[in-house]
Amino acid sequence: MRIYRAKDYEEMSRRAAGIVSAQIIMKPDCVLGLATGSTPIGLYKQLIEWYRNGDLDFSAVRTVNLDEYKGISRENDQSYYYFMHQNLFDHVNIPAENTHLPDGMEPDSEKECGRYEELIRSMGSVDLQLLGIGHNGHIGFNEPSDVFDKQVHCVNLTQSTIEANKRFFASAEDVPRQAYTMGIQTIMRSKKILIMANGEGKADIIRDSFFGPITPKVPASVLQLHNDVTLVADEAALSKIPVSFV
């Protein structure tokens, strides 16, 4: 595992964007696994800037997103479909047919999970999977559990995740209670994994995930078993890990 220390959010975003852009330049038709939330917004802004400067071409890139709320339409401004178009897809030259997310409006969980898992498999390995990390160690919406969920599945969101996401909604009652998400096995099939974390609030979970035991109680801890993981984080998020590692 490689760990890069950034002084602040802006530097973290630039360094992480550099890794993503290198992947696109090395393999123009690469498959990118993308994430949502506040953490990668700066990365997406940097990629857009480089695209506008003529440094990046997204015309052959294909993407698969980690997750989507169940029961929210694409037009809803809190859907991850809406987020990705607002923060990346509508600002670069990626063909719409090359972008993929779970269908949050499909009520049949088994049907949608099977469809999305098969779609990901049909694209071959994800070349680079971008991840954030929740305060409870969730990656995607893989919540703390007794087992590592394997493939795309429908998950009941924990109260801590609902609390963390309620700032995006009018109230906690408006936060969806379920989501479709890539499973741990699906994520671990990726050739490379890039994790971003910032802020003092992530310090404990960064320590527990990457310097503690591997356990489904801390879903991100499974990433210790992957052979190509890069963590880009600011000083605050890295404040509780052994100094010798950064």
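Two strands pair if DSSP finds at least two bridges between them, and helices (H or I, at least four residues) and strands (E, at least two) are themselves DSSP runs, numbered from the N terminus. This is a predicted model, in which local features need pLDDT of at least 70 and side-chain atom pairs count only at pLDDT 80 or more, while totals for chains, interfaces and linings use all residues. Residues are numbered from 1 along each chain as its sequence is written, and side-chain values use heavy atoms, with hydrogens and water left out.

Seven strands form an open sheet with parallel pairing, and their order is 1-10-9-6-2-3-5. Strand 1 and strand 5 (99–100) stand at the edges, where each has a single partner strand, so one side of each is left without a neighbour in the sheet. As a general point, the strands of a sheet pair through backbone hydrogen bonds, either parallel or antiparallel.

Strand 10 can be followed through its partners. Strand 1 runs parallel to strand 10 and is joined to it by five bridges; Arg2, for example, has Thr230 in strand 10 as its bridge partner. Strand 9 also pairs with strand 10 in the parallel sense over five bridges, and here Ile193 has Val229 as its bridge partner in strand 10.

How much of strand 10 is buried? Six of its six residues are buried, where buried means under 20% relative accessible area, exposed means over 50%, and partly exposed lies in between (1.4 Å probe, protein chains only). Both faces are covered, with Val229, Leu231 and Ala233 buried on one side and Thr230, Val232 and Asp234 buried on the other.

The loop between helix 7 (203–211) and strand 10 holds Leu225, which is exposed, with a relative accessible area of 58%. Contact means heavy atoms within 4.5 Å, and, not counting residues up to four places away in sequence, Leu225 touches Met188 and Ile214. Leu225 and Met188 are 37 residues apart in sequence, and their C-alpha atoms are 8.7 Å apart in space.

Next come two of the helices. Among the buried residues of helix 1 are Met12, Ala16, Val20 and Ile24. An α-helix has 3.6 residues a turn, so residues three or four places apart point the same way. The cover over the buried residues of helix 1 includes strand 1 (2–6), strand 2 (31–34), helix 2 (41–52), strand 6, strand 9 (192–197) and strand 10 (229–234).

Helix 2 has 12 residues, which should span 16 Å, and its end C-alpha atoms are 17 Å apart, which agrees. Its buried residues are Gly42, Leu43, Tyr44, Gln46, Leu47 and Ile48, and they pack against helix 1, strand 2, helix 3 (80–87), strand 6 and strand 9. After helix 2 comes Gly54, whose phi is positive, near 85 degrees.

The last stop is a set of residues taken from a record. UniProt, in an unreviewed entry, places the feature "active site" at Asp67, Asn136, His138 and Glu143; such positions are given in the numbering used here, feature names are shortened, and annotations may be inferred rather than shown by experiment. From this set, Asp67, Asn136 and His138 belong to the lining of the largest pocket. On a 1 Å grid over the protein atoms alone, a pocket is an open set of points with protein on both sides within 12 Å along at least five of seven lines, and lining residues have an atom within 4 Å of a point.

Asn136 is found in the loop between strand 6 (128–131) and strand 7 (153–156), and His138 has its place in the loop between strand 6 and strand 7 as well. Asn136 counts as buried at 17% relative accessibility, and His138 counts as buried at 13%. Their side chains make a polar contact of 2.9 Å, a polar contact being a pair of N or O atoms within 3.5 Å, of which, within protein, one must be able to donate a hydrogen and the other to accept it, while residues adjacent in sequence count only if both atoms are side-chain atoms. Leaving aside neighbours within four places in sequence, the contacts of Asn136 include Glu143, Thr161 and Pro219, and those of His138 include Glu143, Thr161 and Pro219.

Key. 1 Å grid on protein atoms, 1.4 Å probe; cavity = no way out; pocket = protein on both sides within 12 Å on 5 of 7 lines; lining within 4 Å. Expected span 1.5 Å × (residues − 1).
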